[in-house]
Structures are given as structure tokens and as C-alpha cells.
Amino acid sequence: MKLKSALLLAPAMLVMTACSPDAPTSEESAPTPPMETHGNDVIPDDATVPAAEKKPAEETATIGGDGSEITLNEIRVEDAQSIEGELGCGFKTPAGATILVAKSNVADDARPRAAINHNGYSEILVSTSEGGFNRLEREPGEFGGKGLTITIELGDESLTAANTEQTSKFASMDVQRGDGASRVYDGEWICGP
């Protein structure tokens with residue numbers, strides 16, 4: 001009978017122990033992420049990591065401007081038909097949509113061009129720098145067009161699989177509109193044949 005009473009009391013004692021003020025809760029035992037302070041603001045360390053160094057995440061919302069969204073849709077065949085080049089690169093979102101395609105010849109004096117589908121309209125942008133495909137692959141930089149400037153920054157980590165002619169890196173794409181609006185897309189920069 002004593003054994004049966006002890007077995008019936010065991011669950012009650014576990015509940016009492018878990019609820020006692022001395023028992024650590026899951027919140028208390030979880031490590032707190034390091035924080036960094038700037039003036040009176042406290043900012044998590046993750047916020048100080050450059051966007052291109054972070055793993056892909058969903059894109060941010062549009063900030064500033066007239067309040068309308070900057071929306072880059074998936075590239076359609078007709079969006080990229082008019083850009084020429086021997087080799088190309090593309091910016092792919094974590095959802096798998098390619099929202100920018102850029103091409104260039106290999107020559108150092110070649111200026112890469114990029115195509116986007118901006119709110120349903122095809123637009124061609126031109127790199128602000130020469131350097132051909134080599135520059136496009138290693139340091140895509142800035143592209144400009146009708147009221148838009150797009151800057152692509154690459155992370156350090158290569159995602160390239162072995163035995164492939166393609167290169168791939170985490171990337172951040174900052175889209176700036178002429179009215180001051182901006183939107184950041186995180187994703188992957190994939191280059192090759």
C-alpha cells in the first residue's frame with residue numbers, strides 16, 4: 001500500500017517542484033542573446049551584422065517614399081530578352097524566385113546590364129562600372145535605370161557545390177527609388193553558364 005501511495009504522490013511532487021519559485025523556468029534557463037548598446041538604444045548583435053553576411057530571409061518592407069511598395073516580381077522570359085552577354089548571374093530569393101538577371105561579355109571594358117520585373121513592368125538597368133562578367137560575378141555593385149538604383153552586396157560564404165561551373169553566394173539587394181523609398185531583399189547571387 002505504501003508503494004501505491006508513493007507512486008500517486010510522485011506526479012504531484014513533480015508539479016510542485018516545477019512551480020516552486022526556486023525552480024528555474026524555461027525562460028530563465030534559456031541563454032539571453034548578447035546585446036550591444038548605441039546611445040540609449042539597445043540593439044541585438046544580429047542587427048549589427050551586415051545584411052550580406054546573414055543567411056537568406058524574407059525581404060523587408062518598403063521604407064520611405066510616397067508610401068507605395070517597391071515590388072520586384074519573378075523575371076519572365078520577355079523581361080530578360082533584350083540584355084546581351086556571354087555569361088550571366090541572377091538574384092534568387094529564399095522562396096526560389098529569380099527577381100534580377102544580369103549579363104555581360106567577358107571583356108574588361110564591357111558594362112553589365114540587368115533586367116527586372118518591377119511591379120509587372122520590364123525594366124533594364126545598366127551597371128555603373130565596367131569590368132565585364134568577372135566584375136559581375138565577384139562584385140556586382142550598382143545598377144541604375146528609370147528612377148531605380150539597385151546595389152547588390154555579396155557575403156563571404158560561398159554556396160557553390162563541387163564539380164559545377166556555377167558560383168553562388170549569399171547576397172543582399174538594396175532597391176532605391178527616386179522618391180527616397182528603399183527595400184532590401186536577401187537571397188543568393190548565382191553566376192555561370
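Thr-151 is partly exposed, with a relative accessible area of 22%; partly exposed denotes the range between buried (under 20% relative accessible area) and exposed (over 50%), computed with a 1.4 Å probe on protein chains only. The model is predicted, so local features need pLDDT of at least 70 and side-chain atom pairs count only at pLDDT 80 or more, while totals for chains, interfaces and linings use all residues. Residues are numbered from 1 along each chain as its sequence is written, and side-chain values use heavy atoms, with hydrogens and water left out.

Thr-151 lies in strand S9 (residues 148-158). Strands (E, at least two residues) are DSSP runs numbered from the N terminus. Leaving aside residues up to four places away in sequence, Thr-151 touches Gly-141, Glu-142, Ser-172, Met-173 and Asp-174, where contact means heavy atoms within 4.5 Å. The C-alpha atoms of Thr-151 and Val-175 are separated by 6.7 Å, although these residues are 24 apart along the chain.

| Strand paired with S5 | Sense | Bridges | Facing residues |
|---|---|---|---|
| S4 (residues 87-92) | antiparallel | six | Cys-89 and Ala-102 |
| S6 (residues 113-118) | antiparallel | three | Val-101 and Ala-115 |

The hairpin of S4 and S5 has five residues between the strands, and Gly-96 takes a positive phi near 95 degrees there.

Technical notes
Pairing = 2+ DSSP bridges. Helix = DSSP H or I, 4+ residues; strand = E, 2+ residues; numbered from the N terminus.
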